[in-house]
Amino acid sequence: MYKRQILMLVNLRGMRESSNMFVYPTYAFLLGMVALIVTGMYQAITQDGALLPAASLEKQPLNMAMLYIVLRAFANGCSSMTGVEAIADSVPLFEKPEAKNAIITTYWMAGILVVMLSGVTFMMMHFHVIPILEVTALSQLAEHVFGRSFVYYYIQVTTMIVLYLAANTAYNGLPVLLSIVARDGYLPRYLSSRGERLTFSNGIIVITVSAAALIVVFGGHLDHLIALYAIGVFISFTIAQCSMVVHWKREKGSGWLIRAVVNGIGAIATGLVVIIITLTKFSHGAWAVLVFIPVMVFVFKKIRSHYDDMAEQLHLPLEENVQYDDTLMVRNYVIVPISSPTRVVYESLKFAKTLSKDIIVLHIAKDEESAAKVQMKWDQWNPGMDLEIIQSPYRLTIQPLLDYVEALKKRKNPQDYITVVIPEFETRKWWHRLLHNQTGWLLHAMLVIKENVSVTTIPYHLNK
């Protein structure tokens, strides 16, 4: 949980600042892995191989249990291939030409991944590294090659740091992806806006909150979380590969058939990975993705439909002119709800007089005694306006006012307006707001959803 908070704060500082912080530990880790692979390969060539137990050389029958173990190992191995999609999501952030630089970066990333994965896999098979409880295979391999030397501890520390920073991959790619989807209208538009540090700060915050929720829901179990991540990524890979097949078939440029075949093979491969991960890790959280993705697709479509409806209703033809009949008598009924005559009410009434002569000062009384006290204080002040009191037998405050507004809407002329001026004082300290203005806030929230009713809050700032 704390790791996500730290990563969020670092990424909110800006893209350059976060990149500078993460690049040096990454280089240090790659240096250690190069030293491990080169030294281990040299030892594998010049020294005798590991003494294999006789049981390991026996031929194992390929039954359902063995097939399940192989498929699960395959699914775990495929999880290490994820991360490449972050480059595709971040293409707009590359220097021009963006696409070419992103392709070059992908080649470098794929090359480094192939060298590391193949080198480590070869050495684990050559030195016969077997699973040991609470000891990673990479730790066993480093100890076999270097012993408990400085290089061993160097690899352990840099591996720990790079695993800690690996979570930053989502912060590099996902906010950009969210901004692209938001610009297309399938997510809230605020996710497409950059913050003051030129980062998609809203997306970063959404990612942090979502990650924290997943950690709480799944109890922080890595097996469950990795299953969620892997199956989601490979479903995206499959969809992208199938889309490219459709693209090449539609364009039909030079060499389109070869490209379509390559993407088709890729779609089959990633599709098989999705099926395998789903079958082998269904009880480890893969089921949640199968439910979550259709739900999110439905939500995306509803958001886009909402934006389309808004655009249709808010569209203003350029030939449309503002029409106003000067001969028509138009009134603006200004309602000022008060609890008792105060300095805040005085300032609100001054503002209300600038809007209209039809001012209705309204008090919702919970009992006759309180109504009499307010009326007496109002008469003593005598601001030159009548005070209208509504008795609320059930001691409600907001609902009687809403009913009054509805009744006024029915008896006013269609061209008339209704404005509700809410007196409100602003406290000097932020935590004081927790003690005041709750009724005004609720009243504002209930009134703004009503048609043909304007709501204005008049703040009066306190000095202490």
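This is a predicted model: local features need pLDDT of at least 70, side-chain atom pairs count only at pLDDT 80 or more; totals for chains, interfaces and linings use all residues.
Local features need pLDDT of at least 70 and side-chain atom pairs count only at pLDDT 80 or more, while totals for chains, interfaces and linings use all residues. Residues are numbered from 1 along each chain as its sequence is written, and side-chain values use heavy atoms, without hydrogens or water.

The largest nonpolar core holds 19 residues. A nonpolar core is a set of buried Ala, Val, Leu, Ile, Met, Phe, Trp, Tyr and Cys residues joined through side-chain atoms within 4.5 Å. Buried means under 20% relative accessible area, exposed over 50%, and partly exposed in between (1.4 Å probe, protein chains only). I335, L362, V420, L443 and L447 have the most contacts inside this core. At least two core residues come from each of β1 (332–338), β2 (359–365), α16 (398–411), β4 (417–426), α17 (438–447) and β5 (453–461). Helices (H or I, at least four residues) and strands (E, at least two) are DSSP runs, numbered from the N terminus. Helix α16 gives the largest share, six residues. A second, separate core has 17 residues, including M33, A44, F127 and L141. Beyond its neighbours within four places in sequence, L362 is in contact (heavy atoms within 4.5 Å) with I335, V336, P337, I338, L387, E388, I390, L401 and Y404.

Two or more lining residues come from each of β1, α14 (343–355), β2, α16, β4 and α17.

Helix α6 (98–126) has 29 residues. Its span from first to last C-alpha is 42 Å, close to the 42 Å expected at 1.5 Å a residue, taken as 1.5 Å times one less than the number of residues. Within α6, A102, M116, G119, V120 and M123 are buried.

H128 is partly exposed because its relative accessibility is 25%. N382, also not a glycine, has a positive phi of about 55 degrees. N382 lies in the loop between α15 (368–381) and β3 (387–391).
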